[in-house]
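Colleague: I am new to this structure and would like to go through it with you. Could you show it to me, and then take my questions one by one?

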Amino acid sequence: MPIRRLPDQLVNQIAAGEVVERPASALKELVENAIDAGARRIVVELAAGGVDYLQVADDGMGMDADDLRLAVERHATSKLPDGDLSAIATLGFRGEALPSIASVARLTLASRTREGTGWALTIDHGRVVADGPAARGAGTTVTVEGLFAQVPARRKFLKSIRSELGACVDVVRRLAMATPHVAFELRHDGRRLLSADAPDGGLLGGDGGDSPLPARLAALLGADFAENAVPIDLLRDELTLGGLAGLPTFSRGVPDHQFLFVNRRPVRDRLLVGAVRGAYQDLLARDRHPVVALFLDVPADFVDVNVHPAKTEVRFRDAALVRGMIVSGLRRALDAAGHRASTTVAVGALAAFQPGSPPAYPPTLPFAGASYAPPVWADGEASVHVADAHPAWFAPAARTEAPAAMNGFPMGVARAQVAGTYIVAETPDGMILVDQHAAHERLTLERMKAARAGGSVAAQALLLPQVVEIDENAAAHLVEHAADFAALGLDIEGFGPKAVLVRATPALLGAVDATALVRDLADDLAAFDAAPGLAERLDAVAATMACHGSVRAGRVLSVAEMNALLREMEVTPHSGQCNHGRPTWVKLARVDLEKLFGRR
């Protein structure tokens, strides 16, 4: 078969297959054009999820009649004035979107410059059907009707209206986050789904002072996110990282709330997603995902945005630098959060309280003058460190402390223990409930990480080495990583094909069940051995060890031990969540307690 040149209509439809996969793809291109045109307000109208009707109206610079006709030709663009692909400063630049959309739908362009007259151009599946004057204000309105109406092979692959609408909303939300100086409104079948006002002034920047970014993120992601996130602000060489990162306890079951931007361009890049996951490595369970909005600004020649037709992936000149910057920026911000935990946890707990009737019979009360003697723990058993004891830690029932005496203790003063699992602490403005096992698990992990950073974790030799039987593949895997375990104070070696010999365990853990620990570590290696680096793998191993060496639920603690735990939480990074991302404490404010009893 001889080689022949394809007709323009077929070329446009092929290009549409790359650029216009669904209504959200067309919407993305049109909104990006509006932003590049200098719009200060963008209004999006949809019907049937954008399949039947899609319109983007802006108040940008507009186009005259000649520009309108040129805009629907392939590879015609105003966004590469010098033809340099290494210095792209706009969101769109390929010049394929409008002709591609016009080849698979009915496309109407209506525009006017601030000094000129209005003009409209309509193309129905590649044919010009209208080209003449139009009355309108300055700016541009693009209307797309019947997407893929005459291409049934493409239309049948579209998803439900709900799914297509969800994709459209996500596109507008991401672009609105990237441009907080532009007002956005999104309506579907006449109902407003999204609205974000623009400030009087200001440009995209970090989250400090006069930047409109925090307000925009709160408007689009909800006030809960803003209240449960920490600011990111890191400068390295010519790279800047800003935005907000959710606390580990403010996580989700799916990764759909990770918003990543490079030079104001929304991207879904595997390198960036992997860096975010690495930063939260020992702060979240494997099935939980952080909520973040990160903005990376780099020199134009540092990144190539022309590696994907939809421009959702990028390539960096120094990928390792970018990954390290994101991991360190997130870790630094999360470290600064200290013992903070998600406020939504406390709200949910408060909602679970129900006023009820008194018990049918009075509970048994201790006789007057009864005293409490905390149990004596077995030697070598992991214990909370009691240091710098304060008089306010003792005699909880006396209630002799003035509120001022508790002000120096953010986590309050221990008053009781419930179900041998939860510590009840009083603060000047309310009460705090602490999960003792979850909290001590995090404290143990942070001690292990600090010891590892200082050289190595101290090991405690077993009086008699312990043989742990395990399947052959797992045993070989454990022995292969024996050096990694040694850095954490665990000394193991092979003992035949289906067993390992444990000679020492980390001293920080006290007395632990070596068999259970080794078997859990084998499971962790199977899940985390593909981690990008040794640090991530060691963090996973350390988290498992910390769980085995922590105060267990059901163990009765003395008042001094409870208060020691609270004091250590106050000065330990990430103590607001356990190693699996669950909260270690919740707070109920005094005003909330008063509402429960009808005092407010």
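Colleague: What sits over the ring of phenylalanine 409?

Modeller: Please keep in mind that this is a predicted model. A charge counts as sitting over a ring if, among other conditions, CZ of Arg is within 6 Å of the ring centre. Here the distance to the centre of the ring of phenylalanine 409 is 4.0 Å, and what sits there is the charged end of arginine 567.

Colleague: Thanks! How many helices and strands does the protein chain have, and what share of its residues count as buried?

Modeller: The protein chain has 19 helices and 22 strands. Buried means under 20% relative accessible area. Of the 600 residues in the protein chain, the share that counts as buried is 50%.

Colleague: Among contacts between residues at least 6 apart in sequence, what share joins residues at least 24 apart?

Modeller: Contact means heavy atoms within 4.5 Å. Among the contacts in the protein chain that join residues at least 6 apart in sequence, those reaching at least 24 residues make up 70%.

Colleague: Now for the rings. How many aromatic pairs are there, and why is the pair of phenylalanine 225 and phenylalanine 250 called tilted?

Modeller: The count comes to three aromatic pairs. In the pair of phenylalanine 225 and phenylalanine 250, the ring centres are 6.2 Å apart and the planes stand at 40°, so the pair is tilted. This pair links distant parts of the chain, 25 residues apart: phenylalanine 225 belongs to helix α8 (residues 223-227), while phenylalanine 250 is in the loop between β10 (239-246) and β11. Planes under 30 degrees apart count as stacked and over 60 as edge-to-face, so the class left for this pair is tilted.

Colleague: Are phenylalanine 225 and phenylalanine 250 buried or exposed?

Modeller: Phenylalanine 225 has a relative accessible area of 1%, and phenylalanine 250 has 16% relative accessibility. The cut-off for buried is under 20%, so both values fall in that class. Phenylalanine 225 is buried, and phenylalanine 250 likewise counts as buried.

Colleague: How are the rings of phenylalanine 261 and phenylalanine 295 arranged?

Modeller: The ring centres of phenylalanine 261 and phenylalanine 295 are 4.5 Å apart and the planes are at 5°, so the pair is stacked. Phenylalanine 261 lies in strand β11 and phenylalanine 295 in strand β13, so the pair ties together parts 34 residues apart in sequence. Both phenylalanine 261 and phenylalanine 295 are buried, and their arrangement is stacked.

Colleague: One last thing: where is alanine 507 found, and which residues does alanine 507 touch beyond four places in sequence?

Modeller: Alanine 507 is found in the loop between β21 (499-506) and α16 (514-528), and is partly exposed at 32% relative accessible area. Alanine 458 is 49 residues away in sequence, yet the C-alpha atoms of the two are 5.6 Å apart. Not counting residues up to four places away, alanine 507 touches Ala458, Ala459 and Gln460.

Technical notes
Residues numbered from 1 in each chain as written. Predicted model: local features only at pLDDT ≥ 70, side-chain atom pairs only at ≥ 80, totals over all residues. Heavy atoms only, no water. Phe/Tyr/Trp six-rings, centres within 6.5 Å; stacked < 30°, edge-to-face > 60°. Helix = DSSP H or I, 4+ residues; strand = E, 2+ residues; numbered from the N terminus. Buried < 20%, exposed > 50% of the residue type's maximum accessible area, 1.4 Å probe, protein only. Lys NZ or Arg CZ within 6 Å of the ring centre and 35° of its normal.
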